[in-house]
Amino acid sequence: MDLRAGDSWGLLACLCTVLWHLPAVPALNRTGDPGPGPSIQKTYDLTRYLEHQLRSLAGTYLNYLGPPFNEPDFNPPRLGAETLPRATVNLDVWRSLNDKLRLTQNYEAYSHLLCYLRGLNRQAATAELRRSLAHFCTSLQGLLGSIAGVMAALGYPLPHPLPGTEPTWAPGPAHSDFLQKMDDFWLLKELQTWLWRSAKDFNRLKKKIQPPAAAVTLHLEARGF
Amino acid sequence: MALSTIFLTVFLLALLSLRTYQSEVLSETLPLTPESLNVSINSAHQRLHLQWTIHNLAYHQELKMVFQIQISRFKTSNVIWKESYSTTVKQNQGLHWSWESKLPLECATHFVRVRGKVDDARIPEPKFWSNWSRWEEADAQNSLGPDLLFLFPEDKLVEEGSDVTFCYVSRNHQHNISCYLEAAQIHIDQLDPRVSTFKLKNVSFIRRTGTNIFCEDPGVAMKGTVLFVSKILEEPKDFFCETQDFKNLNCAWDPGSDTTLPKQPSQSYTLFESFSGKKMLCEHRNFCNWQVAQDSQEMYNFTLVAENYLRKRRVSILFNVTHRVHPMSPYNLFFENISATNATVTWKVHAIGNYSTFLCQLELLGEGKVIQQQNVSVKVSGEYLLDDLEPDTRYTARVRCAYANHFWKWSEPISQKFSTSEAAPSEAPDVWRNVRLVSGRPTVTLFWKPLSKSQANGKILFYKVIVENPDKPSKFEGLSIPAPANSTELPLNGSSYQIHVTAHNSVGPSPASVITVSGDPGNREVEEERVNITEDGFSVSWKPQAGAPAGYVVEWCDRPQDLPCDPQWKNLGPNATSTVIDSGAFRPGVRYNFRIYGISTERMAHLLERKTGYIEELAPSDNPRVVTSHLTSHSFTLTWKDYSTESQPGFIQGYYLYLKSKVGEQCLPGFEKTGLTDDSVYCKHRIDNPEQKTFVMENLQPESVYEFLITPYTSAGEGPLGAFTKVTTSSEYSHALVLILLPMIFFILLFTIVCYLKSQWLKEKCYPDIPDPCKSSVLSLIKSKENPHLTIMNVNDCVPDAIEVINKPEGSKIQFVGASKSLTEAEFTKPTYLYLLPTVKNSPGPGPCICFENFTYNQAASGSGSCDPFPITPQVPPGQRGPLTSRGNLLKALEKNYMNSLGEIPSGEASLNYVSQLVSPMSGDKDNLPTNPPEPILCSEYKMQMALPLGLASPPPSENSRLSSTALLDQGEHYR
């Protein structure tokens, strides 16, 4: 595009106009809705915090169950824990998940895990362990609320049952005590995997929703000059 | 016939009855085989329950029977258990029997059969066993499910110390199963190709969540179980019941360990009273409240039953409730009328009924210890007067009560604190004094010890010191010294004073402590003795003083090294002649001095004796500084006069003198050989007198090196073996040499001094600079031979025609700061000649020869003629330019100008040179280069030489003067 001498005035006027209207550009308007970015970041931070918290809680709880459950290489079959939501998923499948599905799976998983965890709390014999479990349940409830907030911000409906309603099922007492311990073991292990996966999920979501500031481009129509 | 018929009938009837009886008996004697045998399995308790019946019994018939039961495992032929079971059997009544299997029943098929035998006394012998029932099979494996591996028993609850057998069943024929207790593999016994077992003996409690046991067929299956081990339920201990109000019985016990497990709730406690037949389940583990019946039941028989899933324990007590009264704690504990020594305490008790009496115990505690204990009988309110209390003291009163009719237990106590009020101090302060001269004036320092708490009776606020002069009876008000000061200083004059010291608290003063002090410090000479040491401290004793003293005081310092030290003293009675002084402040190696004073009836202290000693003597820590003197070829003297024996860590008993000995060398007389720790050998001499601080080493070899060391010793040992001092004896001839050389040096020195002092005289005698013509020998020769009238010219005949003033700045090395030209250059300036007579000045030829007496030659100025450079001022005042024709004018002018010049010219800067006109200028200043030498004056006569300030000279209008002026200008520039 060749610019004639008189065009320089026009270009200047254009720049002035752009600068004048710059505050009105939504992407740059700080006073406007910040979008889901901050809540995704907060959810991501919460998952990392819960990962840390669970590491301590799981250690205490598995010691409470006794060997072999607190052995580092103990890997029992899932048996009764089949009903637990699985966090492990094929990598390609995980990549192909859309945001809605990704968030929905997280939400559903934590809903179920929270329900199991509350059952665990009821069985715990020591007051200190009950206190730790109750604290973790509260944190996990917070994560669930945070995921619900992200979904709402992105306009996705929450899966049923609606958040806030008490889960209607809990691990049944029909198990033997050893199976129950295995279920507890798997619950903690699955919870740990889910938190790890959620950190990945929200990190991915964060990058997707919040493009870097340097990438903001303004498409200007130069045709008028 | 009829008779026979009757007989036959009777016989038949009898036969019939016999037949009936026999048939019944026969039915008993016949073997009664157990029938309808049913076997059921209780997996939780690992029990086989058997049930069977006996059908052959008559209706309502009861028989005692014994049954034999056989149990086989896996196959009928493998009988593992036989047991006989006796019971009473009824017709068609089900018989029950159970058996607990050690092996979990799920792991093996069991077979059971039973047979019976009548065991009733009514049945005559012989008795036969019935036939065995059919083998009944008990097989729990059918209900196991489809899994490949099973582990039994599941989640079993046992007590500590039990033996538990586990087994597993595998449906995998190629199994490779390992079993683990917690994480440790355990040994397995195979019972069957599919069944294996292992046994845990004497199991113990590990954790509440149980002991984990699991078996694993790697890659195929894994099964686990939890063994809950309960602690053994203990029998309740210390079970008792009591009442506070006859309305409730509080029963309590020590439950022992808790047996709660996830599989077992906490043990329950049930209270059963046998007289009333009442029973209640206790809500708590260690106590229970039982409502007392209204029917005045006094006797109670309680049984406490503790129970959990595994065990039941019971304990019983029988008691009369009136003997088990544990009253409630008293209340409303108050104090009334608290004074310094008394207080009244009141309290109330919770009454039980109308006629109850309580025994209350009142305890008075001070500083945590029980001081008084009183028992008071109380109906409702108690009251007691506490006396003999200490003023200003905090006490605690504690009251507890018991049921007086039948003592069972004291109630919980109630306690309250109170403090008695203050009272005036009960004792006079213990006062001591120290009199010393301060700036020549006697000054007494009073010390007093703080009163103990029991003496002070309150907080001491201040001490009052009143000084009374007995000569002047009118008292004067003394000082008030605020507590906690414990001393004060009072200046005195020479007379005696009586000093009263009282301690005051808020109530009043203490009795006065009186001490009489005189202005005399009383430092009279008293011989010092050594004090004895005992295990308890210093044992100080003294001779009793004549004249019945009021007492004695022993004074010392805890830290004598502190100046001034804080004196300590101990008062002793008039009959005391010794005491033991002990103080925690006494340290080994410190010398303590004790003074014993006698106290007169006028309370005046007189020094009686002085004692000194160490609580423990130590070896000296350092050696004296030794001075060597009187060194000769055969001896020298060692002196250590400045070594103080008083300030040592022990009494110095003497000194050891060590002399280093060479190998094989004999010690000097009086020395003996000794070896030291470093294997070196020394000669040692002991000096027993500590005051001998000098020693002469004799019998030494000339020109030899001796190394010695002097170290003091006390009863604790000798001083450190430090560095030896080397001394070399002088040569045998050195003394003679000294005797010769010293006088020689003396005489040489004397000669030199004389020469120096008489140098002038010598100079004149030996090498005079200017020969005196009057004294010249030549004169006598001339006089006698040529001209007998020849004489020495008198100065009065001379008219001076010229004075030669030489400006001769000596070659001073002084450099003026900032000078551009060195003053040494002035050395090359021409001498300036001042022509006093114009006629002569203008005369081109040599003038008449004038001789004059050199009367200035010996002037002081000549002697002090310095060679300081001095510039000649070219400007000469006009008044001074006049002709000096007469001698008087000349001298006048000279004197005037000289005086002026002294005022104008700094001293030391003027240069007066006297040049004999017989002497060539060259000779007067050989260093000067005569750039323009003056005309030689051909005169053999001597010329008068005069001192003239150089500043007076006017420059002659000659080439020389010009040169001089130039030079002077240059010199003047140096002063700019």
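The contact between the two chains takes 18 residues from chain B and 17 residues from chain A. This is a predicted model. The tour starts at this contact and then moves into each chain.

**Where the chains meet**

Together, chain B and chain A bury about 1,300 Å² between them. Carbon and sulfur atoms account for 65% of that area. Which residues of chain B lose the most area to chain A? They are B:Thr209, B:Asn212 and B:Met222, which together make up 40% of what that side buries. The side chains of B:Lys263 and A:Asp177 meet in a salt bridge, 3.3 Å from N to O.

**Chain A**

Chain A has six helices and zero strands. Along the sequence, its pattern reads α-α-α-α-α-α. Of its 225 residues, 38% count as buried. Chain A exposes about 13,000 Å², and 59% of this comes from carbon and sulfur atoms. Now take the contacts in chain A between residues at least 6 apart in sequence: 87% of them join residues at least 24 apart.

Look next at helix 6 of chain A, residues 177-209. A:Arg197 forms a salt bridge with A:Asp201. The closest N and O atoms of this pair are 3.6 Å apart. How many residues apart are the two in helix 6? They are four residues apart, so about one helical turn separates them. Are A:Arg197 and A:Asp201 buried or exposed? Both are buried.

**Salt bridges**

Over all chains, the count comes to 30 salt bridges. The table lists some of them.

| Pair | N to O distance |
|---|---|
| B:Lys263 and A:Asp177 | 3.3 Å |
| A:Arg197 and A:Asp201 | 3.6 Å |
| B:Glu363 and B:Arg398 | 2.7 Å |
| B:Glu609 and B:Lys611 | 3.4 Å |

Take the pair B:Glu363 and B:Arg398, whose side chains meet in a salt bridge. B:Glu363 lies in strand 26 (residues 358-366) of chain B and B:Arg398 in strand 29 (residues 394-403) of chain B, so the pair ties together parts that are 35 residues apart in sequence. B:Glu363 has a relative accessible area of 7%, and because buried means under 20%, this residue counts as buried. B:Arg398, with a relative accessible area of 30%, is partly exposed.

The pair B:Glu609 and B:Lys611 also meets in a salt bridge. Here both residues are buried. Elsewhere, salt bridges link up into a network made of B:Glu528, B:Arg591, B:Arg610 and B:Glu646.

**A hairpin in chain B**

Strand 22 of chain B covers residues 299-307, and strand 23 of chain B covers residues 312-320. The two strands run antiparallel, and nine bridges join them. B:Glu307 stands opposite B:Lys312, which is in strand 23 of chain B. In a regular strand, side chains alternate between the two faces of the sheet.

**A nonpolar patch**

Chain B also carries a nonpolar surface patch of about 700 Å².

Notes. Residues numbered from 1 in each chain as written. Chains lettered and ligands numbered in written order. Predicted model: local features only at pLDDT ≥ 70, side-chain atom pairs only at ≥ 80, totals over all residues. Heavy atoms only, no water. Pairing = 2+ DSSP bridges. Patch = residues over 30% accessible without salt bridge, like charges linked within 9 Å, V, L, I, M, F, W, Y side chains within 5 Å. Areas by Shrake-Rupley, 256 points an atom, 1.4 Å probe, with all protein chains shown as cover. Salt bridge = Lys/Arg side-chain N within 4 Å of Asp/Glu carboxyl O. Buried < 20%, exposed > 50% of the residue type's maximum accessible area, 1.4 Å probe, protein only. Contact = heavy atoms within 4.5 Å. Buried area = accessible area lost by both parts, 1.4 Å probe.
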